[in-house]
Every structure is written in structure tokens, then in C-alpha cells.
Amino acid sequence: MQPLQPSEKFRFLYFTDLIGMKVVSSEGAPMGRLADLVAVSGEPYPPVESLVVRSAGKLWQVPWSSVESVNGSVRLTPGTALEPIPSAPVPDRLHLGQEILDRQIVDIEGAKLVRVNDLHFLETKGQLRVAHVDVGLRGLVRRMGWQRPVDGVVSMFRPAARYLNDEALLSWKLVQPIESAPGRVRVEATKKALASLHPADLAEIIEDLDRHQREVLFQRLDVGTAADALEETSTELATELLEAVPPEKAADILEEMAPDEAADALSELPGPTRESLLRAMERPEAAEVAELLEYHPRSAGGLMTPDLVELPPEATVADAFAEVRRRAEELPLVYELFIVEGGQLKGMVTLKDLVLAVDTSLTLTSILREVPATVRDDASVSDVARAASKYNLLSVPVVDEFGSLKGMVTVDDILAEVIGAA
Amino acid sequence: MPPEKRQVRPGRWRQVALFLAVMGPGLITASVDNDAGGITTYSLAGAQFGTKLLWTLGPVTVALIVVQEMSARMGVVTGKGLGDLIRENFGVRTTFWISVALVVANLANTIAEFAGVAASLQIFHVPPWISVPLVALGVWLLVLKGSNRVVEKVFLVASLLYVAYPISLVLAKPDWGEVALAAVTPTFQTDGAYVAMLIGLVGTTIAPWMQFYQQAAVVEKRIDVDELRYTRIDVVMGCIVTYVVAFSIVMACAATLHRQGISIQTADQAALALAPLAGRYASWLFAFGLFNASLFAAAILPLSTAYFVTESAGWESGLDKKWGEAKQFYWLFTGIVVVGAAVVLLPRLPLIRIMLVSQIVNGMLLPFVLIYMLRLANDEKLMGVHRNGRWFNAVAWTTAVVMITLTAYLVATGVRDLVTT
């Protein structure tokens with residue numbers, strides 16, 4: 001390690017370089033070895049608050065403000081004594097070696113899980129702050145204590161190797177520790193960061209975590225993000241996660257979810273739990289979901305969503321546009337709009353038909369086309385898939401025995417079923 | 001919500017259903033345990049020493065249950081693989097050396113599996129230079145392109161072939177009183193061959209990959225802490241299956257080969273143990289069994305090695321990832337399969353030596369794995385109320401110490417043999 005020159009304003013240090021370093025008094029008398037660093041977790045770049053020092057087989061702590069210099073050894077200011085570690089854990093503190101190093105964290109930018117190989121600190125103005133986490137191969141080599149020889153060999157053969165020039169450092173701001181508390185100040189930032197992930201990526205990260213981490217992470221999500229993520233996970237996992245949060249939150253999440261996905265998740269829960277969650281949900285959503293629960297999960301009824309655009313024949317093209325805009329938020333995938341009269345399905349128009357209509361005051365009756373295929377609510381997945389494929393439908397309308405429209409199965413759900421069964 | 005769930009005691013049928021749902025990891029691990037190396041060692045033990053080594057199988061099975069229960073419990077409680085736990089609790093250096101040892105040990109084991117493939121298909125007159133590359137390709141495709149669940153089921157059903165040994169044993173009409181006595185009477189000989197065989201039996205029955213594989217399988221099944229006791233039943237049943245199969249192979253060989261004074265030189269001779277059941281088709285039956293066992297293990301060993309290394313290093317892993325996303329994972333798997341198969345095809349290959357090397361590396365790795373497991377299973381932060389109890393620890397440490405002593409001896413004599421031969 002380079003000695004700190006007075007002219008230097010800052011320098012970078014690795015956790016690997018610091019850990020195990022001798023801790024000495026201002027006179028140079030050995031006091032122990034550096035065992036861990038404790039940082040305040042609330043800030044964007046957490047400052048190290050204290051050192052954990054191992055001395056005679058016991059752990060002690062020293063505030064970072066008592067460190068005079070770090071230069072091959074940690075030299076403390078005159079009169080500094082080792083203090084006992086408080087028996088009750090202090091909130092919002094991160095034991096970096098214990099809680100972050102070697103653990104999995106979420107890389108928000110890359111939208112995946114990574115393992116922390118090393119921590120990268122910025123030392124400036126007497127403060128040591130966590131700047132980056134190292135998730136690269138070089139971090140592993142450094143931990144093995146082989147950086148010098150390995151770097152030497154690699155630069156001899158391939159000076160331009162990615163290994164040497166491409167440090168895999170992720171900014172602390174762009175990662176999310178999972179198992180340690182984010183700190184009260186950062187709870188909102190954490191929620192925002194996680195919400196910025198695509199729900200499908202978030203779902204994959206959740207799938208990759210172990211049960212404990214998964215529950216911790218899930219509890220940190222806001223209701224909307226949690227609902228989006230659950231729609232993308234397997235039903236089995238969605239069920240497990242719903243059981244991990246308090247019932248009121250579970251009910252809120254279920255309300256936010258597409259009714260067909262919510263019904264799937266509920267269908268796997270034990271009966272009493274399911275009933276109590278349904279009761280805790282708002283009335284209209286609960287009723288929709290309860291109706292879907294009646295169907296076999298792999299039938300058209302189980303796959304369908306009741307959220308579709310239903311219009312009377314006398315409505316105009318302009319009305320249709322207005323209706324789509326009004327309900328855009330809650331609608332899943334929308335392409336086909338259905339014309340219903342007296343409960344009976346009369347026909348459909350596609351968004352393309354609406355866009356191409358010469359006049360927005362035309363009634364739908366004048367441009368409506370026949371519905372090429374409907375499926376009964378007890379039809380199998382393959383029947384639904386066949387109908388969608390044969391007639392190029394993005395959503396297949398589902399009718400009951402009396403021919404009245406109950407909902408539609410969208411092509412994304414069909415694909416998920418077909419791929420899942422393969 | 002969970003407390004409410006726990007108060008409801010499941011009825012008997014629900015219990016059976018719960019068990020069937022969590023069943024698998026223990027039974028599958030146990031089935032893979034009877035791989036090419038296992039069948040060979042058990043056959044040799046029976047042919048060479050008759051019933052004299054039969055008694056060791058009991059204590060070995062108890063030790064196996066203790067070790068495997070611990071691995072399953074850690075998987076259920078922490079939801080993490082053994083590799084993850086070792087990395088998170090013991091750091092990079094420890095993980096690195098365990099990874100290296102595991103890759104070497106599992107590579108050597110894989111070579112042994114392909115040797116098993118070659119030997120079994122030779123009985124059907126398929127030369128190794130055809131059978132081994134084809135099977136390697138088949139294993140590769142099966143794992144990477146096939147559906148895991150289906151593959152597991154095929155192998156599990158195929159491992160029912162082992163029933164052939166107990167049946168053959170019954171048909172050989174051994175003196176059952178003698179068998180029962182031999183099963184529980186410890187005999188000890190000090191000659192080198194006997195001790196070596198004893199250690200071989202232990203080493204082939206309790207191998208390090210089993211703990212890693214089983215814990216990963218438990219984690220992947222997402223078994224809940226509530227279901228821990230069903231997982232325990234699964235583990236114990238698996239170990240008992242291992243015991244019954246090992247016992248039957250040793251006994252069947254003792255009742256046939258040993259009685260007739262035949263020493264095993266080729267797979268055809270080992271197959272004679274099945275003659276009471278299958279007559280002249282014995283060698284076919286044996287070949288089927290050996291082929292299935294080798295194939296199953298040749299698929300699972302490279303896969304679990306790739307999982308361990310990539311997960312603990314923090315690289316992307318899993319069959320649901322694309323090749324470009326999880327390069328290290330796929331290359332490791334492919335590398336072990338290709339090298340394992342290629343080595344078997346080398347002319348004048350000292351196969352026995354490779355088996356010896358694989359047993360030595362397994363033996364060297366096992367004590368470390370056991371000690372790390374014991375430390376983890378006793379960690380209160382990690383395991384909470386499910387950490388090892390006092391008397392469980394006593395049994396587990398005794399097991400570890402005995403295993404360490406035996407494997408130290410195995411490694412010492414193995415290295416000596418390697419140097420002197």
C-alpha cells in the first residue's frame with residue numbers, strides 16, 4: 001500500500017488490504033488486529049464509524065475518529081483505549097465484513113444477483129466511506145492474496161486483458177444489500193431502487209434468492225412493485241411470498257394484481273388463509289377473484305381475466321378510444337374490444353380497426369367484425385392456444401354455457417402455460 | 001398467518017401427501033450413491049471376503065444418516081446450499097480450496113462413471129470408443145436440453161433394477177442365520193487388503209459430493225421448515241435403500257462368487273452374482289444396472305460440481321440461464337463431462353489407479369466438509385432452534401473422528417500405493 005502523502009486529497013482502499021491489519025497505539029505498541037469495520041447504513045456512501053479489533057481472542061471496538069493513520073498498520077491517536085462492544089445491536093449499523101462481504105446483493109443496474117468479493121473504500125478528509133463493491137474475478141484473486149503474481153502473469157501475456165483494465169466495481173448507490181437492514185433513512189431509497197427494476201427481472205432475482213432473503217426483500221417492496229413482481233413469478237413462489245407478509249399487505253397486493261394472477265396465487269393457499277385474505281380485500285376485486293377461483297387453474301376460466309373492454313353496438317369509435325384510455329391502467333394486454341348487447345357477444349373490433357376508421361363518429365356496428373372463435377370457460381389450455389393461433393387472436397374471448405362473455409385469455413398467459421408445460 | 005397454519009395438525013392422508021411432495025432429494029442422492037464405484041467396491045468386497053465385511057455396513061449407514069440429515073436440515077432451515085454457507089461463513093480461501101478439491105474429486109468420480117459405462121456396454125459388445133463418446137453426448141444433451149424432473153424420474157425408475165440383487169440373493173438360498181449373524185458380528189483382520197477394502201466401502205458410501213448435492217436439491221425443492229420431518233424420513237429411507245442394495249450386492253457376491261472361489265477380474269465375472277435370478281442373462285441384467293448407475297452419476301456429478309463452483313464464486317448459474325449469461329457454469333459442466341469421457345478412452349489407462357485417486361481425493365476432502373458442516377450446524381445465528389443437539393453432536397463428532405481416522409489411513413496407504421506401483 002502506498003503511504004499517504006500530505007498532498008494527496010484522497011485515496012482508495014480495499015477491504016482485503018485493511019482486514020487483518022495490525023492495530024497499534026500512537027507509540028506503535030501492538031493492540032490487536034482489525035477484524036471488521038462498522039458503517040452507518042443510512043447514507044448513500046456509508047461512512048465507517050468504528051473498527052472491530054480482535055485482541056487476545058476477544059472483540060473490541062474503536063471509533064474511526066480515533067484513527068490517526070492507516071499505513072501498513074492502523075495507528076490510533078494518543079490515549080485511545082479499546083472499548084467493549086455494546087451488547088445490544090445498534091440500529092442502522094452495517095458490519096461490513098460480516099453482513100456484506102461474501103454475501104449476495106442486488107445489482108440494480110445489471111438487474112441481477114451478484115456476490116460481493118471485496119469492498120472498495122474512499123478515504124478522504126479523515127473519513128473512510130464505502131464507495132464500491134467489487135464483484136469481479138480480480139476481487140477473488142485479491143482475496144486469495146494472489147493479486148500481484150496473477151496480475152504479473154496476465155500482463156506479461158496479454159497486457160490488454162479485460163481482467164486487468166475492467167474493474168468490476170459497482171457503485172454502492174446502485175446495489176441493494178439483502179440481509180442487512182437498509183437503515184431507516186434509506187428505506188424509501190431502497191423501495192425506489194427496487195421499483196426501478198423491470199418486474200420480470202425483479203421476479204427472477206426473487207426466484208434466485210434463498211427463502212429468508214426472498215422474504216426480507218419482498219417485505220421491502222411497495223404494494224405496486226410487489227404486485228407486479230408476483231405476476232411474473234411462479235404461482236408456487238407467489239403463494240409462499242404472500243404468506244410472508246402481514247395479511248393486510250397481502251390483501252392490498254392481491255387487489256393490485258391482475259385478477260387472474262391473484263386467483264392463481266390464492267388457489268394454492270390453504271382454505272382458511274384464502275378465505276380470510278379474500279375477506280380482507282376490497283369488495284369488487286375480491287368478487288372478481290372469487291369468481292375466477294371457481295375454475296380449474298388450467299382451464300380457460302382459470303386463465304382468463306375479467307378485465308376487458310366491453311362496448312354496446314351503438315357506441316362510436318370515439319367512445320371506444322375514450323373507454324380504452326379511461327381503463328388503460330387496469331387493462332392487461334388490449335387489442336380486441338368486444339361488442340356486447342343484452343349480455344350476448346355480438347362481435348369485436350381491433351385497435352387497428354379503430355385507428356383505420358375514416359370517421360371517429362362511426363358507430364361500432366358499422367365496422368364490427370364477427371368474433372372468429374370463442375372458447376367455453378371449461379376449455380383446456382391447448383384449445384385456447386389453438387384458437388389464438390388459428391385465428392391470430394391476441395386475446396381469446398371466454399363465454400359460459402349461455403354464450404355470455406365472462407372474460408378473455410390473453411396471449412401472454414397462453415404462452416406462459418404452453419412454455420411451462422414443455 | 002404461519003402460526004395459524006401450524007396449529008392445524010395434518011391428517012394421515014395429508015401427511016402422506018406432504019411426504020410425497022418433499023420426497024426426492026434423499027432417495028435420489030442415495031440412488032446415485034450406488035454408482036459404478038459403489039457397485040464395483042461392493043462386488044469386490046463380497047467376492048473377496050465373503051460375509052466378513054458385512055457388519056461394517058450397519059455403522060456406515062448410521063454415519064451416513066447422521067451426515068445426510070445434517071445436510072438436509074441445513075438446506076431446509078437456511079434455504080442455502082452448502083457452497084453458499086461455506087463461502088459466507090468461512091470466506092474466499094476456504095471456498096477456493098474446497099472448490100478445487102471438489103472439482104478434482106468429482107472429475108475423478110466422473111471418469112470412474114464413464115469407465116462403468118464402457119464396462120457395461122462391452123458386455124453387449126459395444127466397444128468403448130463408440131459407447132463412451134455417444135453416452136457423453138447423451139448425458140450432455142439430457143442435462144442441458146431435457147427437463148430435469150422427467151430425467152430424475154426416469155433414473156429413479158431405472159434404479160429399481162437394483163431389486164435384482166435382493167431377489168438374486170434370495171434365490172441363491174444362503175444360510176439366513178449365518179447372514180444375520182454376519183451382519184451384526186464385527187470381525188477384524190489386520191491384513192492390508194482387508195483394511196483397504198473396509199476403507200473403500202466407507203469411502204464409496206459416504207462421499208463429499210453427496211452432502212453438496214443433497215443440500216442443493218433440498219433448497220431447490222423449497223422445502224419448508226414445517227416439512228422438516230418429512231425430509232428426514234426421505235433421508236433415512238434413502239440411506240436404508242443404500243444399505244439394502246449394498247448389503248445385497250455384498251451378500252449375493254459372497255453367496256455365489258466367494259463360495260465358488262471366483263475372484264472378479266472382469267464385469268462378466270461380477271455379473272455371475274446375479275446368475276441365481278437371471279441365469280445366463282445375468283450379465284445382461286448386471287450390465288443394465290451398471291449402465292444406469294453410471295449414467296445417472298455421470299450426469300449428476302458434473303452438474304452439481306458446476307453448481308457448487310459458480311454459486312460460491314458468485315457467477316451466474318442454473319440451467320434456466322442462457323449459455324452467454326452463465327458461461328462458467330456451462331463450461332465447467334461441459335469440461336468435466338468431456339474430460340471424464342476422454343480420459344477413459346486413453347489407451348492403456350490405469351483405471352484402477354484412477355479409482356484410487358478418486359477415493360483418495362474424496363477421502364481428503366471429506367474430513368474438511370464434515371468439520372465445516374458441524375460448525376455450521378452448530379451456529380445458533382444460522383440454525384436457531386434447529387442447531388445440533390448435544391447428543392446428536394456427540395454422534396456426529398464421533399462419526400467425523402472415525403471417518404477422519406479411516407480416511408487419513410486411506411489417503412496414507414493410497415498415496416503409498418500410488419508411489420510404489
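Start in chain A and select A:Asn392, which lies in the loop between α19 (381–390) and β20 (395–399). Keep in mind as you look around that this is a predicted model. A:Asn392 isn't a glycine, yet its phi is positive, at about 50 degrees. Is this residue buried or exposed? Count the C-beta atoms around A:Asn392 and you get 8 neighbours inside 10 Å, so it goes down as exposed; the cut-off for that label is 12 or fewer.

Now jump to A:Ala56, in the loop between β4 (48–55) and β5 (58–63) of chain A.

**The open sheet in chain A**

Stay in chain A and colour β1, β12, β13 and β14. These 4 strands make an open sheet, in the order β1-β12-β13-β14, with antiparallel pairing. Which strands stand at the edges? They are β1 (10–14) and β14 (169–171) of chain A; each has a single partner strand, so one of its sides has no neighbour in the sheet. Turn the view and compare neighbouring strands: direction ignored, they are turned by 40 degrees against each other on average.

For a closer look, select residues 118–124 and 127–134 of chain A, which are β12 and β13. The two run antiparallel, and 7 bridges join them. At A:Asp118, look across to β13(A) and you'll find A:Asp134 standing opposite. As background, strands in a sheet pair through hydrogen bonds of the backbone, in either a parallel or an antiparallel way.

**A helix with a buried face**

Next, pick helix α7 of chain A, residues 199–208. Show side chains for A:Leu202, A:Ala203, A:Ile205 and A:Ile206, the buried residues of this helix.

**Over to chain B**

Of its 421 residues, 51% are buried. Contacts reach along the chain, too: among those between residues at least 6 apart in sequence, 84% join residues at least 24 apart.

Then go for the largest nonpolar core, with 131 residues. Select B:Phe114, B:Val117, B:Ile206, B:Ile249 and B:Val250, which have the most contacts inside it. Helix α16 (residues 282–313) of chain B gives the most to this core, 19 residues. Zoom in on B:Ile206: leaving out residues up to four places away in sequence, it touches B:Val60, B:Ala63, B:Leu64, B:Val67, B:Leu366 and B:Met403. There is also a second, separate core of 72 residues, which includes A:Val48, A:Val70, A:Leu119 and A:Leu230.

**Where the chains meet**

Last stop: show both chains together. In the contact between them, 17 residues of chain B meet 17 residues of chain A. On the chain B side, the elements giving two or more residues are α1 (2–7) and α6 (82–123). Which one gives the largest share? That's α6(B), with 6 residues. Colour this side of chain B by class and you'll see 6 nonpolar, 4 polar and 7 charged residues.

Methods
Residues are numbered from 1 along each chain as its sequence is written. Chains are lettered from A and ligands numbered from 1 in the order in which they are written. This is a predicted model: local features need pLDDT of at least 70, side-chain atom pairs count only at pLDDT 80 or more; totals for chains, interfaces and linings use all residues. Two strands pair if DSSP finds at least two bridges between them. Axes are lines fitted to C-alpha atoms, for helices over the stretch in contact, and angles run from 0 to 180 degrees between N-to-C directions. A residue is buried if 20 or more other C-beta atoms lie within 10 Å of its own, exposed if 12 or fewer, and partly exposed in between; C-beta atoms are placed from the backbone. A nonpolar core is a set of buried Ala, Val, Leu, Ile, Met, Phe, Trp, Tyr and Cys residues joined through C-beta atoms within 7 Å. Two residues are in contact if their C-beta atoms, placed from the backbone, lie within 7 Å. Ala, Val, Leu, Ile, Met, Phe, Trp, Tyr, Cys and Pro count as nonpolar, Asp, Glu, Lys and Arg as charged, and the others, Gly among them, as polar.
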